Amino acid sequence: MQSMIAKTLAGLEPVLAEELRLMGAKSIQPLKRAVAFDGDMDLMYRANYELRTALRILVPLRSFSAYDERSYYEAIREINWIQLMGVNDSLAIDAVTQGEVFRHSHYLGLLTKDGIVDQFRDRYNRRPNVNTVSPTLRINVHVQGTHVDISLDSSGDSLHKRNYRRDTVEAPLNEVLAAGMILLSGWNGKGPFVDPMCGSGTLPIEAAMIATQTPTQFRRESFGFFKWLDFDAKRWKAVKEAADARVQPFEFPILASDKESRARNATALNLMSAGLEKWVRVEKMPFDKLEAPEPPGTLIMNPPYDERLKVEDTIAFYKGIGDLLKKRWPGWNAWIISSNRDAMKHIGLRPSQRITLFNGALECSYQKFEMF
């Protein structure tokens, strides 16, 4: 068994913990924007290929205390890097630091790199190169005060990149956030799903992937762990084939709609890229003209927050959303995310749930409205 850490977005820790539990992970412990867990190599492969709300899967390597640059450098040099990579390989370092000892993440990354390459230089009189795009080994450094955690990043590119996005409209939702919103809503493919302001289609695409049990990374060609010395290609192939075999059809409608032609076209293109176009109906239709499918179903929307609307328009716009939900969507659960908490009050419905999530740097309220 190996300890691992799955990174995620703030507010999605419980969802990610549940995903890991269903995958068979042990010793699951939610942290801040992360979940710690134990599992074998197969689980690490599965976590990268299938998890919907993870950004990266880290494998902890060493923890230690460092009180100054010298003690940090020496601790880095004590790790046996030669067991993990060769002198002809390359490395990249992602460093984050908080506290008084190390104030600059970039400098901390350089210090880490020096400690690693000096070990090779001493032994071989040569050193590995830095490659920030496609390194052999991506190393994650997290420093809080004097406490240091060094981990290996098994993912490579961030797992929010599903490789289906061919076109976007303004401010697309992060794929991990979209999947997390759907899983938080409780929707699991056992009823209709509607996104009436679909933008470039992230929510309906993630919904179709959830309903069909399509692995999130089925379009990805490589992961960080492919280049590790202990990569087991046979085990990886078996894990991937088992996940792909679980893909299934489903019978309820998913509807993606937007009043803008540009959004409808982007959604249709991204759905085709994901190979999910047969599961989602895409329409150019404003919300006030949309017909609700047979209830009960789940509606999730990410309306404009007010960057381009004037304040009085924003209040009227959100009030209009509430009026339409009351009139046209009885029997549905409606979920709305917005950073404009003031405008949300004008929906005129009492939310049965409120969850704080982050859309990029924007703190948002994600609210559930039960339409009786």
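How many bridges join strand S7 to strand S8? Six bridges do, and the two strands run antiparallel. This is a predicted model. The protein chain holds 10 helices and 15 strands. Its radius of gyration is 23 Å, close to the 21 Å that the globule rule gives for 372 residues, so the chain is as compact as a globular protein of that length.

**The sheet**
- Eight strands form an open sheet with mixed pairing.
- Their order is S2-S3-S1-S4-S8-S7-S5-S6.
- Strand S2 (26-31) and strand S6 (129-130) stand at the edges. Each has a single partner strand, so one side of each is left without a neighbour in the sheet.
- Strand S7 covers residues 137-144, and strand S8 covers residues 147-153.
- Histidine 142 stands opposite aspartate 149 in S8.

**Helices on the sheet**
- Helix H3 (residues 69-78) packs on the sheet and touches strand S4 (56-65), S7 and S8. The direction of H3 makes about 120° with that of S4.
- Helix H4 (residues 105-124) also packs on the sheet, where it touches strand S5 (90-98), S6 and S7. The direction of H4 makes about 140° with that of S5.

**The whole chain**
- Along the principal axes, the C-alpha atoms fill a box of roughly 75 × 45 × 35 Å.
- Of the 372 residues in the protein chain, 50% are buried.
- Among contacts with a separation of 6 or more, 76% come from residues 24 or more positions apart.
- The protein chain exposes about 17600 Å², and carbon and sulfur atoms supply 50% of that area.

Methods: Residues numbered from 1 in each chain as written. Predicted model: local features only at pLDDT ≥ 70, side-chain atom pairs only at ≥ 80, totals over all residues. Heavy atoms only, no water. Pairing = 2+ DSSP bridges. Helix = DSSP H or I, 4+ residues; strand = E, 2+ residues; numbered from the N terminus. Contact = heavy atoms within 4.5 Å. Axes fitted to C-alpha atoms, helices over the stretch in contact; angles between N-to-C directions. Rg over C-alpha atoms; globule rule 2.2 N^0.38 Å. Buried < 20%, exposed > 50% of the residue type's maximum accessible area, 1.4 Å probe, protein only. Areas by Shrake-Rupley, 256 points an atom, 1.4 Å probe, with all protein chains shown as cover.
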